[in-house]
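Me: I am new to reading protein structures. Could you walk me through one, feature by feature?

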Amino acid sequence: MLAGDISQAVGDTPLVGLPSLSPPGYALYLKLEGHNPTGSVKDRVAKYLIESAERDGRLTPGSRVLEPTSGNTGIALAAICAPKGYKLTCVMPRNTSEERRALLALYGADIVFSPASEGSNGAVRVATELAADDPDVYMPFQYGNPANPQAHYETTGPEILRDLPTVNALVAGLGTGGTLTGAGRRLKEHDPAIKVFAAEPEYGDLVYGLRNLDEGFVPPVFDERVLDGRIKIDSRKALGATRDLVAAEGVFAGVSTGAALAVALRVCTPRRLPEGSNVVVVSPDGGWKYLSTGAYAAGDLEEIAARLQDTLWA
Amino acid sequence: MAIEVRVPTVLRKHTGGERKVTGSGATLRELVDDLETRNAGLRGALVGDDGSLHRFINVYVNDEDVRYLGGINTPLDDGDSVSILPAVAGG
């Protein structure tokens with residue numbers, strides 16, 4: 001694979017079988033988005049966000065980009081923006097891993113922290129306020145920008161159909177809803193019988209510390225109608241499945257990959273999917289950016305999961 | 001018939017600060033009605049006058065969002081676990 005520059009190395013990620021973890025009668029495949037240039041599925045989104053803004057004239061040389069993110073989108077934007085000369089400010093909740101901060105700093109991005117107790121919703125709130133005060137910044141706003149699901153509609157979805165034309169179900173994590181909406185829509189256009197399931201991270205109380213329900217947030221890009229089911233997975237279950245993936249398949253992935261895998265294992269029942277089904281699970285990133293959280297350290301899994309439950313891992 | 005319900009911080013003002021309450025009902029609607037008798041205001045925080053769930057609230061039966069089960073009419077069994085969470089994003 002030859003790429004003229006790093007942005008052309010985005011996508012075309014491997015789809016690998018999970019022969020040891022697949023339940024009898026089902027075949028699980030993991031799409032390894034950690035193989036993207038900055039190590040996450042968000043490289044696809046960042047590329048679409050920036051290139052669409054350039055086409056529309058909303059970004060010009062010297063512009064500053066401002067974006068709320070729990071980390072991966074920020075790092076992906078940083079890699080796209082740095083060589084183009086765009087300055088970048090990321091608004092990120094304080095309860096994100098050290099690696100995310102270190103990588104953003106390395107790329108020269110500025111970080112504004114939002115309160116841990118407000119989760120990603122708080123980052124959206126703070127970024128929206130900052131952007132409103134400053135006409136010179138451009139906020140791509142992954143949560144509301146159609147370029148986000150479009151990236152998955154035009155790249156992730158077609159790659160899955162190319163590599164596994166007999167796919168019967170898709171499982172992906174729910175963050176902005178971009179992967180599920182874009183790839184899910186593409187797969188269902190190909191075959192309406194394909195089922196789409198969301199794995200929703202479930203955190204500890206801290207992350208749901210909203211003062212009132214009006215602070216709740218459903219990303220505008222998320223089309224809930226594309227889903228056939230939405231299942232929440234807590235840190236303990238996500239971590240357990242992430243470790244199973246290492247032990248049984250040799251795949252080192254991030255915690256949200258474990259969450260998606262746990263949902264895939266749950267939906268592999270004849271009531272939901274006929275036997276013989278091929279199930280594609282999207283692995284949004286590798287495990288590298290979570291090492292400092294202790295997620296992979298030796299010790300009691302319950303204790304590690306308890307420490308992890310207030311750190312954003314999706 | 002007891003069903004355990006996990007309540008998020010933002011709604012604990014209706015449960016006397018409790019993070020878990022128990023109730024009964026053959027459907028989610030019956031459970032919510034039962035909970036309301038001891039936790040005033042909880043029903044209004046979850047469902048609108050037409051009985052549909054508020055947009056920024058998610059209710060899960062055994063970890064599955066009820067919007068993809070039977071909504072407010074989702075059937076319940078003894079021992080099911082119900083969780084309520086505010087809608088939050090990631091990314």
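Me: Leaving aside its neighbours within four places in sequence, which residues is Val171(A) in contact with?

Reply: Before we start, keep in mind that this is a predicted model. To read contacts, look for residues that are apart in sequence but have heavy atoms within 4.5 Å. For Val171(A), those partners are Phe197(A), Ala260(A), Val263(A), Ala264(A), Val279(A), Val280(A), Val281(A) and Val282(A).

Me: Which residues touch the most other members of the largest nonpolar core?

Reply: A nonpolar core is read as a set of buried residues joined through their side chains. Here the largest one has 43 residues, and Val171(A), Leu245(A), Val255(A), Val263(A), Val279(A) and Trp313(A) touch the most other members. Several elements of chain A supply at least two residues each, including the strands β2 (27-32), β7 (169-173) and β8 (195-202) and the helix α7 (235-249). The element that gives the most is α8(A), with 8 residues. There is also a second, separate core of 24 residues, and among its members are Val21(B), Val32(B), Val82(B) and Ile84(B).

Me: How do I read the overall form of chain A?

Reply: Start with the parts: chain A has 9 helices and 10 strands. Its radius of gyration is 19 Å, close to the 20 Å that the globule rule gives for 314 residues, so chain A is as compact as a globular protein of that length. Along the principal axes, its C-alpha atoms fill a box of roughly 55 × 40 × 40 Å.

Me: What percentage of the residues in chain A is buried?

Reply: A residue counts as buried when its relative accessible area is under 20%. In chain A, that applies to 60% of the 314 residues. The chain exposes about 11900 Å², and carbon and sulfur atoms supply 53% of that area. You can look at contacts as well: of those in chain A with a separation of 6 or more, 73% join residues 24 or more positions apart.

Me: In what order do the strands of the open sheet in chain A lie?

Reply: To read a sheet, follow the pairing from strand to strand. This one has 4 strands in the order β5-β4-β3-β6 (chain A), with parallel pairing. The edge strands, each pairing on one side only, are β5 (110-114) and β6 (137-138) of chain A. Between β4 (residues 87-93) and β5 of chain A there are 5 bridges in the parallel sense.

Me: Which strands does β3(B) pair with?

Reply: One partner is β5 (residues 81-86) of chain B, in the antiparallel sense over 5 bridges; there, Asn58(B) has Leu85(B) as its bridge partner. Another is β4 (residues 64-65) of chain B, also antiparallel, joined by 2 bridges. The hairpin of β3(B) and β4(B) has 2 residues between the strands, and Asn62(B) takes a positive phi near 50 degrees.

How values were computed:
Residues are numbered from 1 along each chain as its sequence is written. Chains are lettered from A and ligands numbered from 1 in the order in which they are written. This is a predicted model: local features need pLDDT of at least 70, side-chain atom pairs count only at pLDDT 80 or more; totals for chains, interfaces and linings use all residues. Side-chain values use heavy atoms; hydrogens and water are left out. Two strands pair if DSSP finds at least two bridges between them. A nonpolar core is a set of buried Ala, Val, Leu, Ile, Met, Phe, Trp, Tyr and Cys residues joined through side-chain atoms within 4.5 Å. Buried means under 20% relative accessible area, exposed over 50%, partly exposed in between (1.4 Å probe, protein chains only). The radius of gyration is taken over C-alpha atoms; the globule rule is 2.2 Å times the number of residues to the power 0.38. Accessible areas come from the Shrake-Rupley method with a 1.4 Å probe; for residues, only the protein chains shown count as cover.
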